[in-house]
Amino acid sequence: MEFIPHLLLVEDETKVATFIKKGLERQGFTVEIAEDGREGKRFFDERTYDLIILDVNLPYMDGVQLAHYIRTKNTQVPILMLTALDTTADKLAGFDAGVDDYLVKPFDFMELIARLKALLKRTIKAPESVNILRVADLELDLDQKLARRNGQTIELTAKEFALLEYLMRNRGRVVSKVDIAEKVWDINFDTGTNFIEVYINYLRKKIDKDTSNKLIHTVVGMGYTLKEK
Ligand code: CA
């Protein structure tokens, strides 16, 4: 593999988690372990992974709930579920929608590797799915030059796209109008004009109009920030 796949493994049994992590690292993966569903959710929110392995039975939030959560935010990342032999049929049905593949424990390690490689190949074959910035259910597709909110495609002009890309790359940080003028328009900010406010309003109408989960926030006297509340 040309790239080093970055995996999240959510598994509460330390011995199993360590065993899988060590084995995968020998195969050239990097692996982060989350020890329960809540931690897995936090890692997923904060970081970007090429693939996620979920144990089905987890404290606080089980693998099925976590898979559903992940799918509301990211429709692309492959998810492989590890299930116990006694996993009930309704649970299996429950994760059909969001999970790409599953393996029943105990499994053969080479089988796991084969499944993971197959899932990763699929992702790599679709390069348009790799070059995407995400904040909550907002996606910015850098190859197709368009945005999606909650799965709905949003057409952007070139400047709106550049402004949104700048805000998303600086997610959680307050950016001033001076920053925006320099980085997006490549000009020195003239306080006598309000074109940045105008463009922020265009973006708001396109991105935040139909949702209560507003992502673009004004920080009075400072500038703007893009983040979840
Ligand atoms: Ca478990």
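Which residue in β2 does His6 stand opposite? His6 faces Thr30, and that pairing is a handy way into the fold.

## Before you start

This is a predicted model, where local features need pLDDT of at least 70, side-chain atom pairs count only at pLDDT 80 or more, and totals for chains, interfaces and linings use all residues. Residues are numbered from 1 along each chain as its sequence is written, and side-chain values use heavy atoms, with hydrogens and water left out.

## The sheet and its helices

Helices (H or I, at least four residues) and strands (E, at least two) are DSSP runs, numbered from the N terminus. Here 5 strands make an open sheet with parallel pairing, in the order β2-β1-β3-β4-β5. At the edges sit β2 (30-34) and β5 (101-104), each pairing on one side only. On average, the twist is 20 degrees from one strand to the next. Two strands pair if DSSP finds at least two bridges between them; β1 and β2 run parallel and are joined by 5 bridges.

Now for the helices. α1 packs on the sheet and touches β1, β2, β3 and β4 (79-83), its direction making about 165 degrees with that of β2. α3 lies across β1, β3 and β4, at about 175 degrees to β4. Contact means heavy atoms within 4.5 Å, while angles run from 0 to 180 degrees between N-to-C directions, with axes fitted to C-alpha atoms, for helices over the stretch in contact.

## The calcium site

Asp12 (OD), Asp55 (OD) and Asn57 (O) coordinate the calcium ion at 2.1 to 2.4 Å. Asp12 comes from the loop between β1 (6-10) and α1 (14-26), and Asn57 from the loop between β3 (51-55) and α3 (63-73), 45 residues apart. Donors are N, O and S atoms within 2.8 Å of the metal (3.2 Å for Na, K and Ca); water is not among the atoms, so sites may look incomplete.

## Salt bridges

A salt bridge is a side-chain nitrogen of Lys or Arg within 4 Å of a carboxyl oxygen of Asp or Glu, and the count comes to 19. One of them joins Glu13 to Lys105, with the closest N and O atoms 3.3 Å apart. Glu13 is partly exposed at 40% relative accessibility, but Lys105 is buried at 17%. (Buried means under 20% relative accessible area, exposed over 50%, partly exposed in between, using a 1.4 Å probe and protein chains only.)

Asp100 and Arg71 also meet, at 2.9 Å, N to O. Asp100 lies in the loop between α4 (89-94) and β5 and Arg71 in helix α3, so the pair ties together parts 29 residues apart in sequence.
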